[in-house]
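I opened the model to look up a few things and kept notes. The entries follow in the order I made them.

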Amino acid sequence: MEIVVCKDKAEASRKAADMIAALVKRNPKCVLGLATGSTPVLMYGELAKDVKAKKISFRQVKTWNLDEYYGLAPTHDQSYRYFMNENLFKKIDIQIKNTHVLNGLAKDPVKECKAYEAAIKRAGGIDLQVLGIGSDGHIAFNEPGTSLKSRTSVVYLTPSTIKDNARLFFHGKLDEVPTRALSMGVGTICEAKRVVLLAFGKGKADAVKGMVEGGMSQFCTASALQAHNDAWVFCDEDAASKLKLKDYYAWRSATVLKG
Ligand code: F6R
């Protein structure tokens, strides 16, 4: 796992955007896995700037998102489909038919999850998966106690995630946050050829510490990335502040990035 420690989230977002932009340039038909939440918003803004400046085009890119709240319509202003349309898809030249978000209103959610996995496989698998990390160490909605081999399925949110999501979204209303979601599994995520995880702020420091320097455990599902051979973490000083080998990781990743 390469840990890129940046002075702030603006620098980290630009560096992560550069990695994605380089892939899109190299392979204009690449398959991206995308995340929602507050963390990737700046990075999506950077990618939108690149499109506007005609440095890259998403015309032939296909995307699959990590998760969606169960029970929310795609038109609901707190749904992840709505979030993606507003924060990225409307700002770039992607074809909306090439973007995929799990259907939170699926009548048969199990079938929906299976079909989602099959569609990713048919597309040739995910070339690069964008991730955030929950303060409890989750990736996608894979909460503590989820198998590190899990596949896309219906999952249950912890009280801490419900609280975090109410604070940042849902106008702070705890009882409006759905308690279930459809989510890519940890095993599904780990099949992506490259993984790019972003983490900002002191509130993520314990989760980052657990992911990088804790044992690999289903209690911190992000720790599964320790077994991935092309995982990148772009974080700010605060999120990296509890890492024992912070300076070493910063030096090593800078050297690797220079080539
Ligand atoms: C979002 C997702 C979640 C978030 C995580 C962090 O699609 O899968 O795992 O990445 O909850 O959320 P923020 O970025 O809002 O702190």
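I started with the ligand. I found a polar side-chain atom of His138 at 2.7 Å from an oxygen atom of the ligand. A polar side-chain atom of Lys204 also lies 2.7 Å from a ligand oxygen, and one of Asp67 lies 2.6 Å from a ligand oxygen. I used the cut-off for a polar contact, a pair of N or O atoms within 3.5 Å. The protein covers 95% of the 410 Å² of accessible area that the ligand has on its own; such areas come from the Shrake-Rupley method with a 1.4 Å probe.

I noted that this is a predicted model, where local features need pLDDT of at least 70, side-chain atom pairs count only at pLDDT 80 or more, and totals for chains, interfaces and linings use all residues. Residues are numbered from 1 along each chain as its sequence is written, and side-chain values use heavy atoms, with hydrogens and water left out.

Next I looked up phi. Most residues other than glycine have a negative phi. Lys54, not a glycine, has a positive phi of about 60°. I located Lys54 in the loop between helix 2 (41-52) and strand 3 (62-65); helices (H or I, at least four residues) and strands (E, at least two) are DSSP runs, numbered from the N terminus. Phe170 has a positive phi too, near 50°, and lies in the loop between helix 5 (159-168) and strand 8 (180-183).

Which of these is buried or exposed? Lys54 is exposed, at 75% relative accessible area, whereas Phe170 is buried, at 1%. Buried means under 20%, exposed over 50%, and partly exposed in between (1.4 Å probe, protein chains only).

Note on methods. A polar contact is a pair of N or O atoms within 3.5 Å; within protein, one must be able to donate a hydrogen and the other to accept it, and residues adjacent in sequence count only if both atoms are side-chain atoms.
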